[in-house]
4 protein chains.
Amino acid sequence: MATMGKGRLEAFSDGVLAIVITIMVLELKVPHGADFEALRPLLPSFLSYVLSFIYVGIYWNNHHHMLHAAKRVSGRVLWANLILLFWLSLFPFATGWMGENHFEALPSAVYGFVLLMAAISYYLLQQSVIAADGPNSLLKQAIGSDWKGKASPFVYIVAMAVAFWAQWVAQVIYVAVALVWLVPDRRIERAIDSTES
Amino acid sequence: MATMGKGRLEAFSDGVLAIVITIMVLELKVPHGADFEALRPLLPSFLSYVLSFIYVGIYWNNHHHMLHAAKRVSGRVLWANLILLFWLSLFPFATGWMGENHFEALPSAVYGFVLLMAAISYYLLQQSVIAADGPNSLLKQAIGSDWKGKASPFVYIVAMAVAFWAQWVAQVIYVAVALVWLVPDRRIERAIDSTES
Amino acid sequence: MATMGKGRLEAFSDGVLAIVITIMVLELKVPHGADFEALRPLLPSFLSYVLSFIYVGIYWNNHHHMLHAAKRVSGRVLWANLILLFWLSLFPFATGWMGENHFEALPSAVYGFVLLMAAISYYLLQQSVIAADGPNSLLKQAIGSDWKGKASPFVYIVAMAVAFWAQWVAQVIYVAVALVWLVPDRRIERAIDSTES
Amino acid sequence: MATMGKGRLEAFSDGVLAIVITIMVLELKVPHGADFEALRPLLPSFLSYVLSFIYVGIYWNNHHHMLHAAKRVSGRVLWANLILLFWLSLFPFATGWMGENHFEALPSAVYGFVLLMAAISYYLLQQSVIAADGPNSLLKQAIGSDWKGKASPFVYIVAMAVAFWAQWVAQVIYVAVALVWLVPDRRIERAIDSTES
């Protein structure tokens, strides 16, 4: 299997993530009136935009750290990355639908489904990078037990089910998971640090 | 003929491909209702989005491999690349039209036409890169007989004709060609490997 | 704390800024008529587009200079940068709303609020970069007293208040602040120059 | 004056140009019908898209060559580049308006005006690069008399006037100028070649 530069993979991913994070704002339709009454209906859309911005920011941040620790990019890594980008590309749709419908049950569950698939794709990408790097993978040592990566999908599934019963609880779960992830992968930073020093 | 860096050609192509792959999702219009009934009409648009995402992913992947093997970028390569990007930029339109019309005959044939023109443009770009690299072109050795590149245009023409007779058969052909291409150009990977070792 | 390359931070920021500056133009809706009467209602939208283009251009320019002077990129810098990008991503919305409503009071004040939050975020990002670089930070020496960075937020607050009393005065203030900033951060250029020579 | 890397200037310009060239296609609204009758009204929009794609492609190509020959990037170059990007960012609007109104007089003249301002901006950017590089500017030697750059603005002015008298003649002029420019700046390629060999 050929070893390729990480440069273009990072550039393409950055491009897609930059566009995803920016076109989500297009779902914040400019209102026709010029008073507070015109702004108020946008509040749910704005809140769902903020939540999704944080999630895409977390993905970009951790993707940055993951590829920083990666040594080789195999064909399998390229495709695992595209699958992750596919699910992230559905964020604008899921965000817009959830915001426009004021966090109703089904849109909230669909939002959770997109989060779930993105989390699984991220996990598979991580495994591909580790496989491409071989037994001494820096990334493998760095992520350790990876409890956040392993627990998140199950939490999203719980949130999806909860959405049909108490829609706001699902939102609280999405926000809570985002807060847990907001701490960047210091494990990877530490592992790289100890290698470089 | 001047030798130029590949960097900006790759950066610009990555930019265009990242935008093409992402704005296609804007054709998935956020529905007004919040139940399954509101989602169902989006299914054809979603399926055509998935198909186009895979095709653009294949183009990005093979473009990545092709330029990795290229040594020189001539003026002719720059323009051949722009022609390829032009046809790829029509993917969002062709995808949206086909999806919104539930894979009817004409939109399916037009989609095939865009696939056909992109395939021909890719072939011409490949020839330009080989011509710029001269007699010992690594890319030329790498692609070998290039049966996939040579056969695809004819298969698209067949699919376009078939679309008017049995629209779903055309879709099956588009999916089948995508699956054949999903395997990345291992020939190029192998040729590069053997050079580097 | 790990030291990371600035490359991807710059690439991602450039991507977001390039998209923000370009999708603002989508708020200039193509009119249906083909005469001057059809163009005239677009004048306020065009003027607000020009103003925002200049502001985003200033941010890109100064961001370019800031990161040029930065040596280290910490996790805190990554997040401070994302917060800045969040507020800049609201420019298309704020610009479109202000333009479509002919610079009325509330949209003008909301525009000022987005400017205010972007300015505060930029200041916090600057502090993060200085903190990451340590006591001998080149950026710290370069920005000196940073009176423009410290004064701008207060001026935006004044403009927001003034907007409810005399909306055009607020616009004059926004334009004036932009003109003051149009001069790039020569202090940083000078400081880098003196280091390099 | 500080010497800065060209990298970010190229990256940001590539980003904006990639987005401009791609969002123009959004003016090709997906029609509701699925037959040839539904496609026919799109023909003028498609033709104006093709014309603008070629123009943006030419700008990207020549911008690529220009910065390849540049040695220094001054603050003045950064701003001249932003002004060029501003006018190029109006291409989607001008293209959409001209296409939707079937090349009527005023939209055709406005299209010519955007071409004119972009050409003047390009010329000013070129002068800024030459000034930043100093007396031995490679770019200065490379462009020689620059008759194409100097003549184009006047031709656009003629086309703008002609548009009110015979709208199709204006289109013929726009196409003709594009064809003249399609030949990349071989002068620059040659000058760089002779320096490098």
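The model is predicted.

Start where chain C meets chain A. The contact draws 32 residues from chain C and 39 residues from chain A. Together the two chains bury about 3200 Å². Carbon and sulfur atoms give 72% of that area. On the chain C side, three residues stand out: C:Arg8, C:Phe12 and C:Trp79. They supply 25% of the area that chain C buries against chain A, more than any other three residues.

Which helices of chain C each supply at least two residues to the side that touches chain A? They are helix H1 (7–23), helix H4 (75–89), helix H5 (91–100) and helix H6 (105–133). H1(C) gives the largest share, with nine residues. By class, this side of chain C has 21 nonpolar, seven polar and four charged residues.

Now look for polar links across this interface. The rule finds zero salt bridges between chain C and chain A. Polar contacts do occur there: four residue pairs count, both residues at pLDDT 80 or more.

Turn next to chain B and chain D. Here the contact takes 32 residues from chain B and 39 residues from chain D. About 3200 Å² is buried between these chains, with 72% of it on carbon and sulfur atoms. In chain B, the residues that lose the most area to chain D are B:Arg8, B:Phe12 and B:Trp79. Together they make up 25% of what that side buries.

Between chain B and chain D, five residue pairs are in polar contact, both residues at pLDDT 80 or more. Salt bridges across this interface number zero. Four helices of chain B give two or more residues to the side that touches chain D: helix H1 (7–23), helix H4 (75–89), helix H5 (91–100) and helix H6 (105–133). The largest share comes from H1(B), at nine residues. The residues on this side of chain B divide into 21 nonpolar, seven polar and four charged.

So much for the interfaces. How many salt bridges does the rule count over all chains? The count is seven. One of them pairs the side chains of B:Glu37 and B:Arg40, at 2.9 Å from N to O. B:Arg40 is exposed, with a relative accessible area of 57%.

Chain D also holds salt bridges. The side chains of D:Arg40 and D:Glu37 meet at 2.9 Å, N to O. D:Arg40 is exposed, at 56% relative accessible area. Another salt bridge joins the side chains of D:Glu27 and D:Lys29, at 4.0 Å, N to O. Is D:Glu27 buried or exposed? D:Glu27 counts as buried, because its relative accessibility is 19% and buried means under 20%.

Stay in chain D for a helix. Helix H3 of chain D covers residues 43–69, which makes 27 residues. At 1.5 Å a residue, H3(D) should span 39 Å. Its end C-alpha atoms are 39 Å apart, so the span agrees. Of its 27 residues, 21 are buried, so H3(D) is largely enclosed by the rest of the structure.

Go back to chain C for helix H6, one of the helices that touch chain A. H6(C) has 29 residues. At 1.5 Å a residue, they should span 42 Å, and the end C-alpha atoms are 42 Å apart, which agrees. Buried residues number 21 of the 29, so H6(C) is largely enclosed by the rest of the structure.

One last stop is in chain B. Where is B:Ser74 found? B:Ser74 lies in the loop between helix H3 (43–69) and H4 of chain B. B:Ser74 is buried, with a relative accessible area of 4%. B:Ala131 is 57 residues from B:Ser74 along the chain. Their C-alpha atoms are separated by 9.2 Å.

Notes. Residues are numbered from 1 along each chain as its sequence is written. Chains are lettered from A and ligands numbered from 1 in the order in which they are written. This is a predicted model: local features need pLDDT of at least 70, side-chain atom pairs count only at pLDDT 80 or more; totals for chains, interfaces and linings use all residues. Side-chain values use heavy atoms; hydrogens and water are left out. The expected span of a helix is 1.5 Å times one less than its number of residues. Buried means under 20% relative accessible area, exposed over 50%, partly exposed in between (1.4 Å probe, protein chains only). Contact means heavy atoms within 4.5 Å. Buried area is the accessible area (1.4 Å probe) that two parts lose on being put together, summed over both. A polar contact is a pair of N or O atoms within 3.5 Å; within protein, one must be able to donate a hydrogen and the other to accept it, and residues adjacent in sequence count only if both atoms are side-chain atoms. Ala, Val, Leu, Ile, Met, Phe, Trp, Tyr, Cys and Pro count as nonpolar, Asp, Glu, Lys and Arg as charged, and the others, Gly among them, as polar.
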